[in-house]
Amino acid sequence: MLLRSAPRRLHHLRPHHLSTAAALAAAPPTPTEWTTAPVASVGAATADASLFHVSLDLSSRADLLSSHVAAGQFLPFRLPAAPYPIFLAISSSPPAPGLATSFDFLVKRLPGTPSACLCDLRPGDLVHVGGSVVGRGFEVGRIADARDVLVFATGSGISPIRSLIESGFGKNENIDVKLFYGVRNLQRMAYQERFTNWESSGIKIIPVLSRPDDQWTGERGYVQQNAFSRMKKVVNPSSMGAILCGHKQMSEEITRALVADGVPKDRILTNF
């Protein structure tokens, strides 16, 4: 499913950003061990090059690969001129033992930010990363009995959602999974080339554009204020689950709406 209109953001966290979400979780610990890893590939992930795919070659680091056990976990990076480590959500799925050789990331290219320098690297360049993955990831066991799951992602928050979907979440025929994915326009929407595979695995994708062109016939506005408010049907809160990743305002507003409709807060998952 490749979305089209008329011709014509890396989900990363800094330690102090994480502390603003203290009600959700504590910040990941800063690594005490660091290592280097070579870049395997770098390339634009969106038509406007606001997001980049970055892949690290970890073929010689089986220990680091094996520390990735849950979708939604982070790898710490120590980048030049950055006074603190940044934590990038891994977009590739947790590897099967002995099969994977790399970690993928979705990196927002914002000039002047530490993470933007990753977009200018070339294959073979070395980066400093933590000796192990951090964070608990999405604790999907908490919603293992859910019959309906609503997934919300905005901007580069789609990065760990890719990891979740491609690790097999949603393949159970007894679960109905809807993904609301909000961005400004199609030129800023990553992973469109993966949508067909995601939908074949049981995920219903609902793109939401806040500034589409005149040819767009899908959902408009913001995920929490438009598409979700029109489409949500909380019939049985005890059988529903939700997964959120993206802008803080989106997460807070959707959490309030779901809780008001009776969905227990421990059935609303984040990865930090």
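**Around strand β9**

Hi everyone, let's start with β8 and β9: they run parallel and are joined by 7 bridges (strands pair if DSSP finds at least two bridges between them). Here T154 stands opposite G182 in β9. This is a predicted model, where local features need pLDDT of at least 70, side-chain atom pairs count only at pLDDT 80 or more, and totals for chains, interfaces and linings use all residues. Residues are numbered from 1 along each chain as its sequence is written, and side-chain values use heavy atoms, without hydrogens and water.

On to β10: β9 runs parallel to β10 as well, with 7 bridges between them, and K178 has K204 in β10 as its bridge partner. The chain gets from β9 to β10 through α4, in a right-handed β-α-β crossover. β8, α3 and β9 also form a right-handed β-α-β unit. Right-handed means that, with the strands pointing away from the viewer, the path from the first strand over the helix to the second runs clockwise. Helices (H or I, at least four residues) and strands (E, at least two) are DSSP runs, numbered from the N terminus.

So how enclosed is β9? Largely, because 6 of its 8 residues are buried, meaning under 20% relative accessible area with a 1.4 Å probe, protein chains only.

Now the largest nonpolar core: it has 33 residues, and V149, I158, I161, L179 and I243 have the most contacts inside it. Such a core is a set of buried Ala, Val, Leu, Ile, Met, Phe, Trp, Tyr and Cys residues joined through side-chain atoms within 4.5 Å. Another core lies apart from it, with 23 residues, including A37 and L65. Thanks, all!

Note on methods
Buried means under 20% relative accessible area, exposed over 50%, partly exposed in between (1.4 Å probe, protein chains only).
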